[in-house]
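I opened the notebook to go through this structure one feature at a time. Here it is, ahead of my entries.

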Amino acid sequence: MNEREEEIVICRCEEVTLGEIREWIDRGYQTFDELKRVLRVGMGPCQGRGCREMILRELSLKTGKPVSEIHPGTFRPPSKPVKLSLLAAGGDT
Amino acid sequence: MIRVRQTEVLVIGGGPAGLSAALEAASLGCQVILVDGDLALGGQLIKQTHKFFGSKDERAGTRGFKISEILLKELKNHRDRVKVHINCTATGIYKEDGVVSCVIGEEEYFRIKPERIVMATGAQERLIPFPNNHLPGVYGAGAVQTLMNVYGVIPGKRVLMVGAGNIGLIVSYQLIQAGVEIAGIVEAMDKVGGYWVHAAKVRRLGVPIFLRHTIKEALGDRVVTGALIQEIDDRFQPVGREKKIDADIICMAVGLTPTCELLWQAGCEMIYVPQLCGHVALRDQFMRTSLPHVWVAGDAAGIEEATAAMVEGRIAGLDAARSLGKGDKEDLTERLEDLQKRLGDLRGGEVGQKICQGLACCSIQGWGA
């Protein structure tokens, strides 16, 4: 892999590069959720909307499994940032 | 005391599918809440200035934004039954109690407990990784269309388009109409993916289409000043010399993928279907998912186009209302059959073959009792 490719930012919210993702896949973190836990990919404001697909493709290339067999990870609310003050207030009363 | 709003049908997404679902459910007497994250209803229709293809029943020959206006006018007839929230995102679905949380802007948070949900959350643009793709000047085609056709702002002076599907071709033509130069269109496949008529329009204006080419890298220090493109072989490996293209905008039109996080959160059974461009929910012939109170329609159910999205939305809206005991049984059966036939007709052509293959992977003949 050339250096230019390593620098490509895949997860923009958390500024994670392709190089870092490949490195951690090589270390054995071979599911989306594992990468999420070590690198925070998909944990920023967009919740993986931008990077998830590219990471699944990278996992597919590295593991030889087709994308259809790679779990895209757990989806939890909220799907976009909500101010804690709003949550604490509990919504409309 | 925390209030949870009640409604019979909650429609998430106010594009062609969601509007159609809301209309049909309301026409059968359902109380409907429609939420949409954008500042105006209509979804992608509001930026589509080109005329639609397809069948007469689905308003072929009408421009996209006009179709949106027609749907909104129809919706007004049901305003006593449809509560619309714009700038409102459904942020979560809690499978424990079926509550949906929503936030309007950043300031108002509320919960809804709907009896039925139609998910019409649409699609999001695909990205491809290349060095410097974070530079200002790299746009998604959807953003370019929004800037130009909704806000009247041109993105730049000279654009390199990546992707020769319908979106790439149409947006290129619209950029030219707005006085922007198209440096070229790059396409990885060995043929144009979009309709011939759209490709012919840009070719007649002298725009080069680089087939079997890919973008290698965006050039520029602080903003985009150009791009390197390169020919690729059958296995998408680069061959030949890199070409330098001058451009201040790189516009990515490399496809869409269904927006499906709420379907996952709800606990719908999901499957990856390449022909539908991503993960989609299993559904029956009435667009009902594996969860008996959740329907799906439009691009969220698989990437297709707005005409099919509208028909799917109508089916989902009618069936959701039917499940609540609304409407006349026989009349509904007839209307649903008619809509299914229209969908079949829309998918009859060459382009429809791929969709049909995809649908065969995720369609269930009835969920049983």
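**Entry: the model.** I am working on a predicted model. I keep that in mind for every value below.

**Entry: chain A against chain B.** I looked up the contacts between the two chains. I found 30 residues of chain A in contact with 29 residues of chain B. Which elements of chain A each supply at least two residues to that side? I noted helix H1 (3–6), strand S1 (9–11), helix H4 (52–63) and helix H5 (84–89). I then sorted this side of chain A by class. It has 13 nonpolar residues, 10 charged and seven polar.

**Entry: domains of chain B.** I checked how chain B is divided. Domain 1 takes in 4–124 + 256–362, and domain 2 takes in 127–252. How far apart are the centres of domain 1 and domain 2 of chain B, over C-alpha atoms? I read 31 Å. Next I looked at what joins them. Four residues of domain 1 of chain B are in contact with six residues of domain 2 of chain B. On the domain 1 side, I listed two polar residues, one nonpolar and one charged.

**Entry: B:Ile249.** I turned to a single residue. B:Ile249 sits in strand S15 (residues 249–252) of chain B. Is B:Ile249 buried or exposed? I count B:Ile249 as buried, because it has 25 C-beta neighbours inside 10 Å, and the cut-off for buried is 20 or more. I then looked for its contacts, leaving aside neighbours within four places in sequence. B:Ile249 is in contact with B:Gly137, B:Tyr139, B:Pro155, B:Gly156, B:Val159 and B:Val224. I followed up B:Gly137. B:Gly137 and B:Ile249 are 112 residues apart along the chain, yet their C-alpha atoms are separated by 4.7 Å.

**Entry: a sheet in chain B.** I traced an open sheet of three strands in chain B, in the order S12-S13-S14, with antiparallel pairing. Which strands are at the edges? I marked strand S12 (213–219) and strand S14 (238–246) of chain B, since each pairs on one side only. The twist from one strand to the next averages 25°. I looked further at one pairing. Strand S13 (residues 226–232) of chain B pairs with S14(B) over six bridges, in the antiparallel sense.

Notes:
Residues are numbered from 1 along each chain as its sequence is written. Chains are lettered from A and ligands numbered from 1 in the order in which they are written. This is a predicted model: local features need pLDDT of at least 70, side-chain atom pairs count only at pLDDT 80 or more; totals for chains, interfaces and linings use all residues. Two residues are in contact if their C-beta atoms, placed from the backbone, lie within 7 Å. Helices (H or I, at least four residues) and strands (E, at least two) are DSSP runs, numbered from the N terminus. Ala, Val, Leu, Ile, Met, Phe, Trp, Tyr, Cys and Pro count as nonpolar, Asp, Glu, Lys and Arg as charged, and the others, Gly among them, as polar. Domain bounds come from an automatic or database domain assignment. A residue is buried if 20 or more other C-beta atoms lie within 10 Å of its own, exposed if 12 or fewer, and partly exposed in between; C-beta atoms are placed from the backbone. Two strands pair if DSSP finds at least two bridges between them. Axes are lines fitted to C-alpha atoms, for helices over the stretch in contact, and angles run from 0 to 180 degrees between N-to-C directions.
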